[in-house]
Amino acid sequence: MIELKPGIRLKSAVCDTQIMVVKGKGAHDLRCGGVAMQAFNATGPEVAQLVSDSGFAAGTLMGKRYVNGDGSIEALCTKPGLGSLSLGPKRESALQIKQTEALPASD
């Protein structure tokens, strides 16, 4: 579980994905590639470039915002990777790309 707050940066343990939390508070099981995300400054072995579960291999796209179903958590992808984001180990909990809102027409 990671304590989320706006501005915190996280990285994947299984691919190159890096994100910044835009919206969300509290402890959540935020994952990438099916494996728990790490603090951005965490040290450890070199990234394996291997997604642990093929169900979480949709990838992340640079500059896209990802949200959970109710919109309470939002993350901005700052570096793309092979793993996809989710809250917990279930595929149904995958974060989706936030849809852009149309700007009002100006006359």
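## A cysteine in strand S5

Cys32 faces Leu85 of strand S10 across the pairing. Strand S5 covers residues 30-32, and three bridges tie S5 to S10 in the antiparallel sense. Strands here are DSSP runs of E with at least two residues, numbered from the N terminus. Two strands count as paired if DSSP finds at least two bridges between them. Cys32 is buried because its relative accessibility is 0%, where buried means under 20% relative accessible area, exposed over 50%, and partly exposed in between (1.4 Å probe, protein chains only).

## Model and confidence

This is a predicted model; local features need pLDDT of at least 70, side-chain atom pairs count only at pLDDT 80 or more, and totals for chains, interfaces and linings use all residues. Residues are numbered from 1 along each chain as its sequence is written, and side-chain values use heavy atoms, with hydrogens and water left out.

The protein chain has a mean pLDDT of 86, and 88% of the residues reach at least 70. pLDDT is the predictor's confidence in each residue, on a scale from 0 to 100. Among the elements, S9 has the highest mean, 96. Strand S6 (residues 35-36) has the lowest, 86. Where pLDDT is low, the predicted coordinates should not be read in detail.

## Overall make-up

The protein chain has 11 strands and zero helices. Helices would be DSSP runs of H or I with at least four residues. From the N terminus on, the order of elements is β-β-β-β-β-β-β-β-β-β-β.

Of the 107 residues, 36% count as buried. The chain exposes about 6500 Å², and carbon and sulfur atoms supply 55% of that area. Areas come from the Shrake-Rupley method with a 1.4 Å probe; for residues, only the protein chains shown count as cover. Among contacts with a separation of 6 or more, 60% join residues 24 or more positions apart. A contact means heavy atoms within 4.5 Å.

## The six-stranded sheet

Six strands form an open sheet in the order S7-S2-S3-S9-S8-S11, with antiparallel pairing. Its edges are strand S7 (38-39) and strand S11 (96-97), each of which pairs on one side only. Strands of a sheet pair through backbone hydrogen bonds, either parallel or antiparallel.

Strand S2 (residues 9-11) meets strand S3 (residues 18-23) through three bridges. Arg9 sits opposite Met20 in S3. The two strands form a hairpin, with six residues between them. On to the next pair: S3 and strand S9 (residues 74-79) share five bridges and run antiparallel. Val21 is partnered with Ala75 of S9, and Gln18 with Lys79 of S9.

S9 also pairs with strand S8 (residues 65-67), antiparallel, over three bridges. Val67 and Glu74 are bridge partners in this pair. S8 and S9 form a hairpin too, with six residues between them. Gly71 lies in the turn and has a positive phi of about 75°.

## The three-stranded sheet

S5 belongs to an open sheet of three strands, ordered S6-S5-S10 and paired antiparallel. S6 and strand S10 (85-87) are the edge strands, each pairing on one side only.

## The S2-S3 loop

Ser12 lies in the loop between S2 and S3. Ser12 is buried because its relative accessibility is 2%. A polar atom of the Ser12 side chain lies 3.2 Å from the backbone nitrogen of Cys15. A polar contact is a pair of N or O atoms within 3.5 Å; within protein, one must be able to donate a hydrogen and the other to accept it, and residues adjacent in sequence count only if both atoms are side-chain atoms.

## Cysteines without disulfides

A disulfide is a covalent bond between the sulfur atoms of two cysteines. The criterion here is a pair of cysteine sulfur atoms within 2.5 Å. By that rule, the count is zero. Cys32 is in no disulfide, and its nearest cysteine sulfur is that of Cys15, 3.8 Å away.
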